[in-house]
Structure formats: structure tokens, C-alpha cells
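Thank you for asking for a reading of this structure. The points below are meant to be followed with the coordinates open beside them.

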Amino acid sequence: MFERFSHEAREVVVGSRRVASDEAAATVDPLHLLTSLARNTGVLTTLGCPADELADDLRRVRRRGGMSDADVEALSGFGIDVEHIVERVEQTHGPGALSGGQRSGRGHRPFTADAKKVLEKGLHEAIDVGDKRIEAEHLLLALTALPGVAADVLAQRGIDYLAVRRLLERRQAS
């Protein structure tokens, strides 16, 4: 399947492994793919989402152990202060204790089942719109289509499946 990826989409996949390595994560997950997509492409900027702001959102989500702002808001409705809990955990176990960093050094970092689903969905999205190659836009489309924290973070920025699909349609029309 990797041979069908455009150069830019390959950079996203390879970059996601670098992101996981930088975070000392044992595996590559959809948030790593999204972080790499923001760093290695301009597609999010085209949709009105500055990469640096998205990076801040993703760091905040990682620090909270993968909880989106919507999750935090829902828990606050029950009187649970997630930020307070994160601070207490970090006081005891160190900064970033909930971020999932469990591996140090280099080496192979496998993709999680959810990250693999994003790559597979990207292939299906490319086929659906009649493209022969998987582009970064197809990976973004997959991230918005599959339920999870990445889709939640994007939705908070106004980036959903329909917005990305329209971007693809404009690209194909030109």
C-alpha cells in the first residue's frame, strides 16, 4: 500500500514515527499522524487552522492522557477538574506522566490499530474520489471520518469530513 502514497503523504507517515520518537512513545497513534500532517503539509492552513495552534491543542490533549477538550468539559459537568488531576499526577510522577511516553531511544515503533485504520481509510477515501495516489488530504479525510480524539480536536477547529471533502473536490476541479 505504501507505494500508492504521494511524496507528501509518505512524509506524513515517516514524520509520525519521528513525532512518536520525540515523545518517547512506544507506538504511533492517530495523534502522531495528525501532528506530522500539521508539520509536514499546508493542508490544515488551507482549511484555516494554523499548524502552531493545532500543535498546542495536541500537546494539551497528550498531556491529559488523550482527553479532548470535549472530554474535559463533559467531566467538569460531573465536578471533575481534569487539569487539577493532571497537575497532581505530574507532581507525583513528573511532567508528561499521562502522555504515554514509555520508550526511550530509537528503534521500530509499530502503528496502533487505530493508526492503521487511518492509513487504510485514507486508501479507501482516495479510491472513492477516483485518485490513484494517496495524498495528505486523504489522510486528513480519514482522520476526520474515524471516531477518536484526532477527529474531536479537528472538529473543535472547524475541520470535519465535509470541509476536507470540499477541499479535495476543489483540488480535483482545478
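Predicted model: local features only at pLDDT ≥ 70, side-chain atom pairs only at ≥ 80, totals over all residues.

Leaving aside its neighbours within four places in sequence, with which residues is Thr35 in contact?

1. On Thr35. Once the neighbours within four places in sequence are set aside, Thr35 is in contact with Val19 and Leu58. Thr35 belongs to helix α2, and its relative accessibility of 11% lies under the 20% cut-off, so that Thr35 counts as buried.

2. On the burial of helix α2. The helix spans residues 30-40 and is mostly covered, since nine of its 11 residues are buried. Those buried residues are Pro30, Leu31, His32, Leu33, Leu34, Thr35, Ser36, Leu37 and Ala38. The cover over them includes α1 (7-22), α3 (43-46), α4 (51-63), α7 (113-128), α8 (136-145) and α9 (149-156).

3. On the start of helix α2. Here a side-chain oxygen of Asp29 comes to within 2.9 Å of the backbone nitrogen of Leu31. Leu31 is also one of the buried residues of the helix.

4. On the packing of α2 with α9. The axes of these two helices are 8 Å apart, and the angle at which they pack is about 40 degrees, which makes α2 oblique to α9. On the α2 side the contact is made by Pro30, Leu31 and Leu34, and on the α9 side by Val149, Ala150 and Leu154. Sorted by type, the residues of this contact comprise six nonpolar, no polar and no charged. As a general point, an α-helix has 3.6 residues a turn, so residues three or four places apart point the same way. Leu31 and Leu34 of α2 both take part in the contact, and both are listed among the buried residues of that helix.

5. Ala24 sits in the loop between α1 and α2, and its phi is near 55 degrees, a positive value in a residue other than glycine. For context, most residues other than glycine have a negative phi. With a relative accessible area of 24%, Ala24 is partly exposed. A colleague inspecting the backbone may wish to look at this position.

6. On Glu3. This residue lies in the segment before α1, and at 54% relative accessibility Glu3 counts as exposed. Apart from neighbours within four places in sequence, Glu3 is in contact with Arg10 and Arg133. The C-alpha atoms of Glu3 and Ala38 are separated by 22 Å, the two residues being 35 residues apart along the chain.

7. On Arg4. Like Glu3, Arg4 is placed in the segment before α1, but Arg4 is partly exposed, with a relative accessible area of 29%. Leaving aside neighbours within four places in sequence, the contacts of Arg4 are with Leu123, Ile127, Asp131, Lys132, Arg133 and Ile134. With one of these residues, Lys132, there is a polar approach, in which the side chain of Arg4 reaches the backbone oxygen at 3.3 Å. Arg4 and Lys117 are 113 residues apart along the chain, and their C-alpha atoms are separated by 16 Å.

8. On Glu125. Is this residue of helix α7 buried or exposed? Glu125 is buried, with a relative accessible area of 1%. Not counting residues up to four places away in sequence, Glu125 touches His138, Leu141, Ala145, Tyr161 and Arg165. The helix that carries Glu125, α7, is also among the elements that cover the buried residues of α2.

9. On the protein as a whole. There are 10 helices and zero strands, and the elements run α-α-α-α-α-α-α-α-α-α from the N terminus on. Buried residues account for 39% of the 174 residues. Among contacts between residues at least 6 apart in sequence, 65% join residues at least 24 apart.

10. On overall dimensions. The radius of gyration of the protein is 17 Å, which agrees with the value near 16 Å that a compact globule of 174 residues would have. Taken along the principal axes, the C-alpha atoms fill a box of roughly 55 × 40 × 25 Å.

Notes:
Residues numbered from 1 in each chain as written. Heavy atoms only, no water. Buried < 20%, exposed > 50% of the residue type's maximum accessible area, 1.4 Å probe, protein only. Helix = DSSP H or I, 4+ residues; strand = E, 2+ residues; numbered from the N terminus. Contact = heavy atoms within 4.5 Å. Polar contact = N/O pair within 3.5 Å; in protein donor to acceptor, adjacent residues only side chain to side chain. Axes fitted to C-alpha atoms, helices over the stretch in contact; angles between N-to-C directions. Parallel < 35°, antiparallel > 145°, perpendicular 65-115°, else oblique. Nonpolar A, V, L, I, M, F, W, Y, C, P; charged D, E, K, R; others polar. Rg over C-alpha atoms; globule rule 2.2 N^0.38 Å.
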